[in-house]
Each structure stands twice: as C-alpha cells, then as structure tokens.
Amino acid sequence: FKAEYREARQTDATAGNAGRVLYVGLGKKADLDSERVRRAVGIGVRKAVKTKASKVTVQAQAAVGAALGDEVLGQAMAEATLMAGYCFDACKGKKARAKAREAPSLSAVALVGKGAAFRRGVSRGKALGEIIAYIDRNKMEGSDSWIQAMAIMTAYTNKYPREPFKV
C-alpha cells in the first residue's frame with residue numbers, strides 16, 4: 001500500500017474488534033487538504049455500505065490532524081460521512097430511484113480524533129451535512145434556501161456544541 005491519493009486497500013483484521021480494515025490514501029503531504037480527507041472518508045463509508053457493514057470507525061493518522069488542524073479534520077470527516085450516502089437521482093428511472101433510496105446498512109459511525117477542536121469540527125460538519133440533506137429533501141431553491149440553511153446550522157451548533165457524532 002503506497003497511500004497514493006484515493007488508493008484503497010482492504011484487509012481482514014488479525015486482532016481487535018474490527019472484522020475488516022480499509023486504508024485509503026491521501027497522497028503527498030504537500031497536497032493534503034480538507035477536500036482530500038472528505039474524498040477518502042467518502043470512499044471508506046461508501047465501501048462500508050457496499051459491503052453491508054453495520055458499524056464503522058473512521059480515524060486519520062495524527063499527522064493529518066497536525067497538518068490540517070484538528071477542527072478542520074473533524075469537520076471534513078463529518079461532512080464526508082453524511083454526504084457519502086447522497087445520490088442525485090432526479091433523472092433516474094423508478095427502479096433506480098427506489099434502489100438509491102434503500103436504507104443503508106450502517107447503524108453507527110464513530111469518528112475518532114483528538115480534543116475539543118476535533119469535536120467542534122465534527123459538530124459543524126454534521127450540521128453542514130444535515131443542512132445539505134435538508135435542502136435536497138425539501139427541494140429548496142434560490143437564495144432563501146441558504147438563508148434558512150444557515151439559520152438551521154447556527155441554531156444547531158449553538159444548541160449542541162459538543163454533541164458526539166452518531167448516525
């Protein structure tokens with residue numbers, strides 16, 4: 001495993017609670033940013049859904065948090081986890097839309113990171129992911145949708161600033 005960008009390697013765990021472990025590469029350190037983290041986490045979560053996993057733990061190496069900042073890392077991981085299940089299906093046929101809307105197998109996702117900054121980032125990422133899903137579910141369009149969405153996010157982050165992330 002060379003950890004090239006978006007390279008994935010899945011293996012059975014030899015010890016511990018995990019049945020399988022999936023490594024997803026982020027590429028070169030100089031190219032590391034939050035978008036790469038989002039894409040890598042998205043790959044992992046989609047792979048977990050595809051293999052019918054019921055629980056997933058997502059963890060980045062400490063060096064990733066040090067390079068990006070723990071809050072940015074937490075936000076990117078939470079956004080990716082929620083958005084990994086998003087599917088634009090408005091132009092698909094009935095059967096394809098029905099399949100896309102089937103309930104995913106995941107019952108729990110745990111995001112592992114360090115400290116209060118990471119938890120703040122997760123809280124913000126969770127709020128943003130839920131807002132995007134809310135806008136899509138309610139077919140909101142135009143600038144008013146973003147005003148409503150930002151009001152929802154502000155209310156959410158003020159009410160639950162340290163809520164642990166669970167799907």
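Hi everyone, let's start with V58, which touches V41, M77, V109, A110, L111 and V112 when residues up to four places away in sequence are left out. Touching, or contact, means heavy atoms within 4.5 Å.

Before going on, a word on the ground rules. This is a predicted model, where local features need pLDDT of at least 70 and side-chain atom pairs count only at pLDDT 80 or more, while totals for chains, interfaces and linings use all residues. Residues are numbered from 1 along each chain as its sequence is written, and side-chain values use heavy atoms, with hydrogens and water left out.

Back to V58, then. V58 is among the residues with the most contacts inside the largest nonpolar core, together with V37, V41, V64, M77 and L111. That core has 21 residues. Two or more of its residues come from each of α1, β3 (55-59), α2 (62-68), α3, β4 (108-112) and α5. A nonpolar core here is a set of buried Ala, Val, Leu, Ile, Met, Phe, Trp, Tyr and Cys residues joined through side-chain atoms within 4.5 Å. Buried means under 20% relative accessible area, exposed means over 50%, and partly exposed is in between, using a 1.4 Å probe and protein chains only.

Now let's step back to the whole chain. How many helices and strands are there in the protein chain? There are 6 helices and 4 strands, and from the N terminus on they run β-β-α-β-α-α-α-β-α-α. These elements are DSSP runs numbered from the N terminus: helices are H or I with at least four residues, and strands are E with at least two. Of the 167 residues, 28% count as buried. The chain exposes about 11000 Å², and carbon and sulfur atoms supply 52% of that area. Accessible areas come from the Shrake-Rupley method with a 1.4 Å probe, and for residues only the protein chains shown count as cover. Among contacts between residues at least 6 apart in sequence, 63% join residues at least 24 apart.

Next, the charged side chains. Side chains of opposite charge can pair when their charged atoms come close. We call it a salt bridge when a side-chain nitrogen of Lys or Arg is within 4 Å of a carboxyl oxygen of Asp or Glu. The structure holds 4 of them.

One joins E35 and R38, at 3.1 Å from N to O. These two are 3 residues apart in helix α1 (residues 34-50), separated by about one helical turn. E35 is partly exposed at 31% relative accessibility, and R38 is partly exposed too, at 22%.

R38 also meets E79 in a salt bridge, at 2.5 Å from N to O. R38 lies in helix α1 and E79 in helix α3 (residues 70-83), so this pair ties together parts that are 41 residues apart in sequence. Is E79 buried or exposed? E79 is buried, with a relative accessible area of 12%.

Another salt bridge joins E71 and R120, at 3.5 Å from N to O. This pair links distant parts of the chain, with E71 in helix α3 and R120 in helix α5 (residues 115-137), 49 residues apart. Both are partly exposed: E71 at 32% relative accessibility and R120 at 39%. Salt bridges that share partners also join E35, R38, R39 and E79 into one network.

Let's move on to rings. Rings of Phe, Tyr and Trp (its six-membered ring) pair if their centres lie within 6.5 Å; planes under 30 degrees apart count as stacked, over 60 as edge-to-face and the rest as tilted. By that rule, the count comes to 1 aromatic pair. The partners are F1 and Y23, tilted at 45° between the planes and 6.0 Å centre to centre. F1 lies in the segment before β1 (8-12) and Y23 in strand β2 (residues 20-24), so the pair ties together parts that are 22 residues apart in sequence. F1 is partly exposed at 49% relative accessible area, and Y23 is partly exposed at 45%.

A charge can sit over a ring as well, if NZ of Lys or CZ of Arg is within 6 Å of the ring centre and within 35 degrees of the ring normal. Here R36 lies over the face of Y5, at 3.9 Å from the ring centre.

Last stop: R20, found in strand β2. R20 is partly exposed at 48% relative accessibility. What does R20 touch, not counting residues up to four places away in sequence? The list is Q10, T11, D12, A13 and T51.
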